[in-house]
Amino acid sequence: MTGIDRYAVIGNPVAHSKSPEIHAWFALQTRQNLQYERLLAPLDGFAAIVRNFISQGGRGANVTVPFKLEAHALANVLTERARAAGAVNTLKFEADVIEGDNTDGIGLVTDIVKNAGVPIAGKKVLLLGAGGAARGVVVPLLLEKPAELVIANRTQSRAIELVRQFSNTEGNFHASDFAALASPFDIVINATSASLSADMPDIPGAVFGRNTLAYDMMYGKQATVFMQFAAQCGAVTRDGLGMLVEQAAESFLFWRGVRPDTAAVLAQLRQSL
Ligand code: ATR
């Protein structure tokens, strides 16, 4: 063993993950000596892979699809935001403690507010989707104090259930179905998995106005179908690459106590797509 601090991204699939590149750039920039690798876990073998990695000197891990709920269950300490999200994307290993955090929501908020320069405070926000990706960002969005947060899902009952789960959280938020959306929002966030299959959630174009920020949590070389539709309706569009880099920076901070500068890394990553 080299004694170098080891980190990994664990998922299935994991070959496409950009996290090793991002964290290598962060390590170089902050002069941290660490190694970051990809670990493919069998669908029924997440916990075993984590324990094996710990025994080999692993200090922390990012967790991606489909293991974020299992990571939440495996952690024996949770940060407040991981508890609120009900899912974990970052694990830290110290002695016998497996601490779980969730940096997805803060990653989204930072990319919108800081990188895109669009305040969420006082704005009308529409969140599309009611799966794990949507759930993870509800509390971080509400902490920004939007005037209103509407959570709309193709299957409305799931949106209602999601709102019910956050009934103790402060803020003006409620569930909707797609058809009832009739007026423009300041920010529309696509947290559905529709873009993965190049589908467009069946929402009315009326949700997009001239100054609407249409944000897709997905990213790719080309604009997603959601971004293309929103642009045709006059909205300003942004993909989820900045969210990816910002959630990584928060994970890096959680592990190493230093927050890397994200702008240069985001630009480099954009070029490499
Ligand atoms: P994730 O953890 O990525 O959020 P998930 O829990 O499977 O994945 O949730 C997927 C989300 O994308 C759901 O909100 C789903 O809507 P339903 O609850 O109605 O299934 C949404 N979704 C997937 N494909 C969609 C499509 N073509 N149009 C609209 N919503 C879609």
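**Loops, sheet and domain contact in a predicted model**

P13 sits in the loop that links strand 1 to helix 1 (19–30), where helices (H or I, at least four residues) and strands (E, at least two) are DSSP runs numbered from the N terminus. The model is predicted, so to speak of a local feature requires pLDDT of at least 70, side-chain atom pairs count only at pLDDT 80 or more, and totals for chains, interfaces and linings use all residues. Residues are numbered from 1 along each chain as its sequence is written, and side-chain values use heavy atoms, with hydrogens and water left out.

The peptide bond from N12 to P13 is cis, with omega near 5 degrees. A cis bond also joins V65 and P66, at an omega of about 0 degrees; P66 belongs to the loop between strand 3 (58–63) and helix 3 (68–74). A further backbone feature is found at A95, a residue other than glycine whose phi is positive, near 50 degrees. A95 lies in the loop between strand 5 (90–94) and strand 6 (97–101). For context, most residues other than glycine have a negative phi, and most peptide bonds are trans.

Turning to the sheet, six strands form an open arrangement in the order 2-1-3-5-6-4, with mixed pairing; two strands pair if DSSP finds at least two bridges between them. Strand 2 (34–40) and strand 4 (77–78) are the edges, each pairing on one side only. Strand 1 (residues 5–11) and strand 2 run parallel and are joined by seven bridges, and R6 has Q35 of strand 2 as its bridge partner.

The protein is divided into domain 1 (5–102 + 243–272) and domain 2 (105–239), with bounds that come from an automatic or database domain assignment. Their centres, taken over C-alpha atoms, are 25 Å apart. Contact (heavy atoms within 4.5 Å) takes in 16 residues from domain 1 and 19 residues from domain 2. About 1200 Å² is buried between the two domains, with carbon and sulfur atoms giving 55%; buried area is the accessible area (1.4 Å probe) that two parts lose on being put together, summed over both. In domain 1, A84, M243 and E246 lose the most area to domain 2, together 44% of what that side buries.

One salt bridge is counted between the domains, the term requiring a side-chain nitrogen of Lys or Arg within 4 Å of a carboxyl oxygen of Asp or Glu. The side chains of D239 and R270 meet in a salt bridge at 2.9 Å, N to O.
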